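User: I am new to this structure and would like to know what some of the terms stand on. Please take them one at a time.

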Amino acid sequence: MGNALRFLYRNCCKPTTADDDSFPPHGVSAGGLSALASDLFHFDITSQVPEGLSKQVHSSKMLKLNGYQSTNTFIFVNNQSLLSLRLLEAWREAKPPPKTAKEAALLIIKTLNKVQKSDIEGLLRFYGLSIPDDTVVEFSAELPTTLPEGVQFAMQTLPVDPRAVQDGDSVTVYVSTEDPRESVSIPPQVNLFAGKRLKARSRNDNGKAKELHDKIINSGYRVLKIDDKEILARKYRIRLRGIDAPEHKMPYGDEAKDELTKLVQGKCLSIFVYEEDQYGRTVGDIYCNGIFVQEVMLKKGWAWHYVTYDKRPQLARWEKEARAKKVGLWASPNPEKPWIWRRNNPRTDV
């Protein structure tokens, strides 16, 4: 996927700037195919949408992705991020990917034909594309605008470092402070440290820059370098809601951790946040490229349904299916439950 997008970006028309009105808002001529490829590649790495897209795709809401993922649930990001997420998935699945402006327009229309007309038209306009004359498009009238019950907020993460996976049900993630929700809650001292760090780096004072970065880290933030850009990001420790995986020292603990790592490493995650647990971790549902991560962990037999804290029947069903197939930890006739193991082996940290 990344290589295909890079190839298109380098070998098709590259973005240029222009002052006259003959260019679309993105500043791209010749249909905008290379710009679309470049932006999707950038979004895949950073979860950041191109500047200016908000002027064409205005709304920010919950969208229901019927048929997009097996749980038929909601993904919450602003409209711009959601449209980019869906297009990225469609581009991955396209064989071959679009090679002309018309094919790019058709991909956008086919992928997003259940969203509002103004959003599709705005996206096409942004890339200098248009609806082909021989194409009929049906638009939905209205879209859901509420979060799933119990969700406090939702976040879109930066790519996950594989080393940030603690076990089969816990992972540390970072969210860019460019996110509107994060931008208004950055502690003043973090902004101060970040500014001083930039000045220290500009005068090649690496020791001072590291000292200031350590202070940023101790405040729950970090400066990450992604796609040749430094991003100030907030740290969240995530506990996957509704499942309980074997602890690291338990049988199958390593296998469960490896499965979760394989699912999320290098990916930008969408997370529905429900609460904070006793250890200060954020408890939420995780979606990765349209996949409900807890569903995979249960179906592959690397976690229990944590029924004490989550009564969702589909989680119970997925565990039951894995038990019947004797996959994962269910290959053992009587695997020890992690909550029993923890009771007998108290932890001093998380």
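Analyst: A residue is called buried when its relative accessible area is under 20%, and exposed when that area is over 50%. The model is predicted.

User: Which residues of H8 are called buried?

Analyst: Ala209, Leu212, His213 and Ile216 are buried in H8, so each has a relative accessible area under 20%. On the other side of H8, Lys210 and Asn218 are exposed, so for these two the area is over 50%.

User: How do you know that the buried residues of H8 line one face of the helix?

Analyst: Viewed down the axis of H8, the buried residues fall within an arc of 105°, and therefore they line one face. They pack against helix H7 (188-202), strand E6 (221-226) and E7.

User: What span should helix H8 have, and how far apart are its end C-alpha atoms?

Analyst: Helix H8 covers residues 206-218, which is 13 residues, and at 1.5 Å a residue it should span 18 Å. The expected span takes one less than the number of residues. The end C-alpha atoms of H8 are 18 Å apart, so the two values agree. H8 is followed by Gly220, whose phi is positive, near 90°.

User: What makes up the lining of the largest pocket, by class?

Analyst: The lining has 10 nonpolar, 7 polar and 14 charged residues. The volume of the largest pocket is about 830 Å³. Of its 31 lining residues, Arg239, Tyr279, Arg281, Arg342 and Arg347 are the closest to the centre. Arg counts as charged and Tyr as nonpolar.

User: Which element supplies the largest share of that lining?

Analyst: H12 does, with 3 residues.

Note on methods. Residues are numbered from 1 along each chain as its sequence is written. This is a predicted model: local features need pLDDT of at least 70, side-chain atom pairs count only at pLDDT 80 or more; totals for chains, interfaces and linings use all residues. Side-chain values use heavy atoms; hydrogens and water are left out. On a 1 Å grid over the protein atoms alone, a cavity is a set of points where a 1.4 Å probe fits but cannot get out, and a pocket is an open set with protein on both sides within 12 Å along at least five of seven lines; lining residues have an atom within 4 Å of a point. Grid points are joined across faces, edges and corners, and a volume is the space filled by probe spheres set on the points. Helices (H or I, at least four residues) and strands (E, at least two) are DSSP runs, numbered from the N terminus. Buried means under 20% relative accessible area, exposed over 50%, partly exposed in between (1.4 Å probe, protein chains only). The arc is that of the directions from the helix axis to the C-beta atoms. Contact means heavy atoms within 4.5 Å.
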